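Please open the structure in your viewer and keep the selection panel at hand.

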Amino acid sequence: MNLIRKIWHFFGLYQSHKVRLLHCAVLIFVVAQIIISNWMKGTKSSVIPPVDWTYFFTWAHVTIGFCLFFITLILIVVCFHERGMRYFYPYLWGDVVPFKNDIKQLMKLKLPDSTPKGLASVVQGLGLGALSIVIISGMVWFFLWLQHSPSALEARSIHKSLTVLIEIYIYGHGGFGLIHFVLWYKKSKNSHQ
């Protein structure tokens, strides 16, 4: 339990309380979606299966997907309100100096700290974009599926392919986040001794 408190505190160094809660909710829902997708049934047809136990995971995936849409939308609005678009997408304004500095640090095998308009901020922005694309593609698939459209199978295939973006993001973003946490934890532990 103490480790969870430490992780929560560490997140608080970089995120407001609201963003931390939303970030954790998104993480839990995304991981649940990836796991649940392994047991979905009835999605290889453009005919919607009945709502029963056989198709529990399919309907759970759809339901969680809609919840994830709203949570992600709130997360994006809160992030942009707190930090602005330029924080996450500085390159759209030609502001690449902090990003380049972080890349130079990485090239020297040093882990750059999370800074505005830096590598971590840009990666977070890309994550918000990737998550949005995956959720929207899932909703397109679902609505085509509701209409019994033959295009539903193609939309499902696109949605599954785009999900790879989120899986890669979880490994990369989560991995670097864990490295940052471990380094911070060791440093804070040493400073208390």
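A patch, as the term is used here, is made of residues with over 30% relative accessible area and no salt bridge, and nonpolar side chains are joined into one within 5 Å. The model itself is predicted.

**Colouring by confidence.** Begin by colouring the protein by pLDDT. The mean value is 90, and 94% of the residues reach 70 or more. Select helix H1 (residues 2-12), which has the lowest mean pLDDT among the elements, 88. Then select helix H4 (residues 85-88), where the mean is the highest, 96. Where pLDDT is low, the predicted coordinates should not be read in detail.

**The nonpolar patch.** Next, select Leu-27, Val-31, Ile-35, Trp-39, Trp-53, Phe-56 and Phe-57, and display their surface. Together these residues make a nonpolar surface patch of about 760 Å². Helix H2 (17-36) and helix H3 (56-83) are the elements that contribute two or more residues to this patch. H2 supplies the largest share, three residues.

**Val-31.** Remain on helix H2 and centre the view on Val-31, which is found there. Why does Val-31 count as partly exposed? Its relative accessible area is 34%, and the term covers values between 20% and 50%.

**Ser-188.** Finally, move to helix H7 (residues 151-191) and select Ser-188, which lies within this helix. Is Ser-188 buried or exposed? Ser-188 is buried, because its relative accessible area is 14%, and buried means under 20%.

Definitions and conventions: Residues numbered from 1 in each chain as written. Predicted model: local features only at pLDDT ≥ 70, side-chain atom pairs only at ≥ 80, totals over all residues. Heavy atoms only, no water. pLDDT = per-residue confidence, 0-100. Helix = DSSP H or I, 4+ residues; strand = E, 2+ residues; numbered from the N terminus. Patch = residues over 30% accessible without salt bridge, like charges linked within 9 Å, V, L, I, M, F, W, Y side chains within 5 Å. Areas by Shrake-Rupley, 256 points an atom, 1.4 Å probe, with all protein chains shown as cover. Salt bridge = Lys/Arg side-chain N within 4 Å of Asp/Glu carboxyl O. Buried < 20%, exposed > 50% of the residue type's maximum accessible area, 1.4 Å probe, protein only.
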